[in-house]
Amino acid sequence: MAEPAEMVQLLSADGVLQTEGAAADYLPYIDALSDDQLRRFHRDMVVIRRFDVEAANLQRQGQLGLWVPSMGQEAAQVGSGHAARDQDHIFPAYREHAVAMVRGVDVLGIIGLLRGTTHGGWNPAESKNFHLYTLVIASQTLHATGYAMGIALDGEPIGDPAVDEAVMVYFGDGSMSQGDLNEALVFAASYQTPQVFFLQNNHWAISVPVSVQSRIPLYQRAGGFGIPGIQVDGNDVLASFAVTRQNLDAARGGAGPRFIEALTYRVGAHTSSDDPTKYRTDAELASWVARDPIIRFEKWLRSKGEDDAFFAAVAEEAEDFAADIRRRTLELGIPSTDRMFDHVYSEPHPVTSAQKAWLADYESSFGADA
């Protein structure tokens, strides 16, 4: 068995910038970032974590049917999300709250989806091509690959390997055991799609540890399909950004699909219906909490001269954001039953039009006081 390549890490757990080994090749990507961009990384991680906590509280208080936490995975998402270009297409699973915010989605749409007031939550065309959440495990990898095939086939001239757009698809380690993902990898390799597969390995597929799912690092599986793979410290926002930017640019430039495994950890439960204390130890959780991505990045920013005022302002913004989400959630009304018929097809359809009319007539038969 081949020895695994070195994991890419730019910030150590203590917030110290690494300059040797695998890190050296990626430092130019960080040097090109402005101070405002670096501050934005911190702001996005802090705000989305506070949003996550508030949404979990809303679920416990009966305002949501379900909540899917992303705590602990902020660096992988914020770094990779900012690495994408505006014209790129992003296909999420159902935990990519930070990526959604980076792409301009009003995250109240995520609340609405898990509250049951919408089937979608947002229009991808109005959210920098951030496509809809997909709850069926790994099915979004097929959607993404099909879209990437279309981009490649629409190239000018037809089949030109260099294109303006790339596709990135997010999934978890549990998806690696699904047939859909393996089929997506086959087609991506066959058609040399302009695509990045972004695996957030948070170590638990609900209650199944990644050590049971695979005997080798998951990124090495991509090599079996002829797709280059790389492993990155997913709790390092700088490494997540730099590696993703490099791989997206390569895919966009005609080098074919790429595979990134971001090693991170799901600090919370799989969903609000899960009890992780049944299958993982306190010691394991504590070891990953000690590698908190937000604390790590804050240490580095402070070493660069950021002061208490900046961090206090971000914390205040996060509290205001959470309060606004709570207020707007409580203001969400009950959607009209018409909505279940209006967007089934792109144009009016006689079957759904008849069903809509029947339901309206049926409801009116109960009278105004019903």
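Tutor: Start with strands E1 and E2: 3 bridges join them, and they run parallel. Keep in mind that the model is predicted.

Student: What makes E1 and E2 a pair?

Tutor: Two strands pair if DSSP finds at least two bridges between them. In one of the facing positions, Ile90 stands opposite Met168 in E2.

Student: Where does Met168 have its bridge partner in E3?

Tutor: At Val196. E2 and E3 are parallel too, with 6 bridges between them.

Student: How many bridges join E3 to E7?

Tutor: There are 6 bridges between E3, residues 195-201, and E7, residues 258-263, and the two strands run parallel. Gln200 faces Ala262 in E7. Helix H9 packs on the sheet, where it touches E2 (167-172), E3, E6 and E7. The direction of H9 makes about 160 degrees with that of E6.

Student: What is the order of the strands in the open sheet?

Tutor: The 5 strands run in the order E1-E2-E3-E7-E6, with parallel pairing. E1 (89-91) and E6 (229-233) are the edge strands: each has a single partner, so one side of each lacks a neighbour in the sheet. From one strand to the next, the twist averages 20 degrees.

Student: Why is E2 called largely enclosed by the rest of the structure?

Tutor: Count its buried residues. Buried means under 20% relative accessible area. In E2, 5 of the 6 residues are buried, so the strand is largely enclosed by the rest of the structure.

Student: Now to the helices. Why are H2 and H9 called roughly perpendicular?

Tutor: H2 covers residues 35-60 and H9 covers residues 237-255; they pack at about 115 degrees, with axes 11 Å apart. Angles of 65 to 115 count as roughly perpendicular. Therefore H2 and H9 are roughly perpendicular to each other. Their crossing is right-handed.

Student: Which residues of H2 meet H9?

Tutor: Leu38, Phe41 and Met45 in H2 meet Val237, Leu238 and Phe241 in H9. By class, this contact has 6 nonpolar residues, with no polar and no charged ones.

Student: Why is the H2 and H11 pair called roughly antiparallel?

Tutor: The axes of H2 and H11, residues 293-303, cross at roughly 150 degrees and come within 10 Å. Over 145 counts as roughly antiparallel. Therefore H2 and H11 are roughly antiparallel to each other. This crossing is left-handed.

Student: Which residues of H2 and H11 meet?

Tutor: From H2 come Leu38, Phe41, His42, Met45, Val46 and Arg49; from H11 come Pro293, Ile294, Phe297, Glu298, Trp300 and Leu301. That contact has 9 nonpolar, 1 polar and 2 charged residues.

Student: Why are H2 and H3 called oblique?

Tutor: Their axes cross at roughly 130 degrees and come within 10 Å. Roughly perpendicular ends at 115, roughly antiparallel is over 145, and the rest is oblique. H2 and H3 are therefore oblique to each other. H2 passes H3 in a right-handed crossing.

Student: Which residues of H2 meet H3?

Tutor: Arg40, Phe41, Asp44, Met45, Ile48 and Arg49 in H2 meet Glu74, Ala75, Val78 and His82 in H3. This contact divides into 5 nonpolar, 1 polar and 4 charged residues.

Student: Where is Val47 placed, and why is Val47 called buried or exposed?

Tutor: Val47 sits in H2. The cut-off for buried is under 20% relative accessible area. Val47 has 0%, so Val47 is buried.

Student: Which residues is Val47 in contact with, leaving aside neighbours within four places in sequence?

Tutor: Met101, Glu317, Ala318 and Phe321. As for C-alpha atoms, those of Val47 and Glu316 are separated by 9.4 Å, though the residues lie 269 apart along the chain.

Student: How do you know whether Pro69 is buried or exposed?

Tutor: Pro69 lies in the loop between H2 and H3 (74-83). Its relative accessible area is 12%. The limit for buried is under 20%, so Pro69 counts as buried.

Student: Which residues does Pro69 touch, not counting those up to four places away in sequence?

Tutor: Asp52, Arg95, Gly268, Ala269, His270 and Thr271. Asp25 is 44 residues from Pro69 along the chain, and their C-alpha atoms are separated by 33 Å.

Conventions:
Residues are numbered from 1 along each chain as its sequence is written. This is a predicted model: local features need pLDDT of at least 70, side-chain atom pairs count only at pLDDT 80 or more; totals for chains, interfaces and linings use all residues. Side-chain values use heavy atoms; hydrogens and water are left out. Axes are lines fitted to C-alpha atoms, for helices over the stretch in contact, and angles run from 0 to 180 degrees between N-to-C directions. Helices (H or I, at least four residues) and strands (E, at least two) are DSSP runs, numbered from the N terminus. Angles under 35 degrees count as roughly parallel, over 145 as roughly antiparallel, 65 to 115 as roughly perpendicular and the rest as oblique. A crossing is left-handed if the near helix is turned anticlockwise from the far one by less than a right angle, and right-handed if clockwise. Contact means heavy atoms within 4.5 Å. Ala, Val, Leu, Ile, Met, Phe, Trp, Tyr, Cys and Pro count as nonpolar, Asp, Glu, Lys and Arg as charged, and the others, Gly among them, as polar. Buried means under 20% relative accessible area, exposed over 50%, partly exposed in between (1.4 Å probe, protein chains only).
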